[in-house]
Amino acid sequence: MKKCRKIAGVLVVVMIAVLTMAACGSDTQDVEPADKRSSAGFEDFEGELLGGGVVTEDIFAKADLTMVNVWATYCGPCIDEMPDLGKISKEYQDKGFQIVGIVSDTYDAEDATAKEIVEETGADYSHIVLNTDLMNGPLKDVQVVPTTFFVDKNGNQVGQVITGSKSESNWKKIIDDLLRQI
């Protein structure tokens, strides 16, 4: 009987690990034209930045196009693409483009792990921590990380949601295409 419980316990742990890893990955989805826009749920948005500070939907007004990258501290592919996203953020800052990260596995603006990842990867763009409004609003359909979507100055979604990580060159192709369409 003890042996059966041990085996069952091991199977549960393995299943949790497999399901967690299945929610992290790469993908090569195409991008729909920018004229296919829908509300992304950021019209009346308030959150907290990693490291502190309040953020509202006004954050999107700072750029013609904002990449919203939903990531998690346990997700290897998320963390692996962050150095490239940090480079893109700097390179495209004068092109009407910005990146905003959303840390999907913490409600704590002072989360040491998330802050350490941002610092180590050079992804020094704004990162918002999870809150109930985000979970019940724009992130309600997010099932895997990383998940990335693009929004215009008003918080309206541009193109389709992209799941999985990408290389720097693939992200640049997508961003350049969307910037041309806006």
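This report describes the fold of a predicted protein model and then several of its residues and contacts.

## Overall architecture

The protein contains five helices and eight strands. Their order along the sequence is α-β-β-β-β-α-β-α-β-α-β-β-α.

Of the 182 residues in the protein, 45% are buried. The accessible surface is about 9,600 Å², and carbon and sulfur atoms account for 52% of that surface. Among contacts with a separation of 6 or more, 79% are between residues 24 or more positions apart.

## Packing of α2 and α3

Two packed helices are described by the angle between their axes and the distance between the axes. For helix α2 (residues 76-92) and helix α3 (residues 112-121), the angle is about 45° and the axes are 8 Å apart. The two helices, α2 and α3, are therefore oblique to each other. This follows because angles under 35 degrees count as roughly parallel and those from 65 to 115 as roughly perpendicular, and the angle here is about 45°.

On the α2 side the contact is made by Ile79, Met82 and Pro83, and on the α3 side by Ile117, Val118 and Thr121. Sorted by type, the residues of this contact are five nonpolar, one polar and no charged.

Ile79 is a residue of helix α2. Its relative accessibility is 23%, so Ile79 counts as partly exposed; the partly exposed class begins where buried, under 20%, ends. Leaving aside residues up to four places away in sequence, Ile79 touches Ala72, Thr73, Ile117 and Thr121. Ile79 and Glu120 are 41 residues apart along the chain, and their C-alpha atoms are separated by 9.7 Å.

Asp84 also has its place in helix α2. With a relative accessibility of 18%, Asp84 counts as buried because this value is under 20%. Beyond residues up to four places away in sequence, Asp84 touches Ser167 and Glu168.

## Val55 in strand β3

Val55 belongs to strand β3, which covers residues 54-56. The relative accessibility of Val55 is 6%, so this residue counts as buried.

Not counting residues up to four places away in sequence, the contacts of Val55 are Phe45, Glu46, Gly47, Glu48, Leu49 and Ile128. Val55 can also be placed relative to His127: the two are 72 residues apart in sequence, with a C-alpha to C-alpha distance of 9.9 Å.

Lys62 is located in the loop between β3 and β4 (65-71). Its relative accessible area is 66%, so Lys62 is exposed; the cut-off for this class is over 50%. Lys62 and Gln98 are 36 residues apart in sequence, and 8.0 Å separates them in space, C-alpha to C-alpha.

Pro146 lies in another loop, the one between α4 (132-136) and β7 (147-152). The peptide bond joining Val145 and Pro146 is cis, with omega at about -5°.

## Aromatic pairs

The structure has two aromatic pairs. In the pair formed by Tyr92 and Phe97, the ring centres are 5.8 Å apart and the planes are at 70°, so this pair is edge-to-face. The assignment holds because planes over 60 degrees apart count as edge-to-face. Both Tyr92 and Phe97 are buried.

Technical notes. Residues numbered from 1 in each chain as written. Predicted model: local features only at pLDDT ≥ 70, side-chain atom pairs only at ≥ 80, totals over all residues. Heavy atoms only, no water. Helix = DSSP H or I, 4+ residues; strand = E, 2+ residues; numbered from the N terminus. Buried < 20%, exposed > 50% of the residue type's maximum accessible area, 1.4 Å probe, protein only. Contact = heavy atoms within 4.5 Å. Areas by Shrake-Rupley, 256 points an atom, 1.4 Å probe, with all protein chains shown as cover. Axes fitted to C-alpha atoms, helices over the stretch in contact; angles between N-to-C directions. Parallel < 35°, antiparallel > 145°, perpendicular 65-115°, else oblique. Nonpolar A, V, L, I, M, F, W, Y, C, P; charged D, E, K, R; others polar. Phe/Tyr/Trp six-rings, centres within 6.5 Å; stacked < 30°, edge-to-face > 60°.
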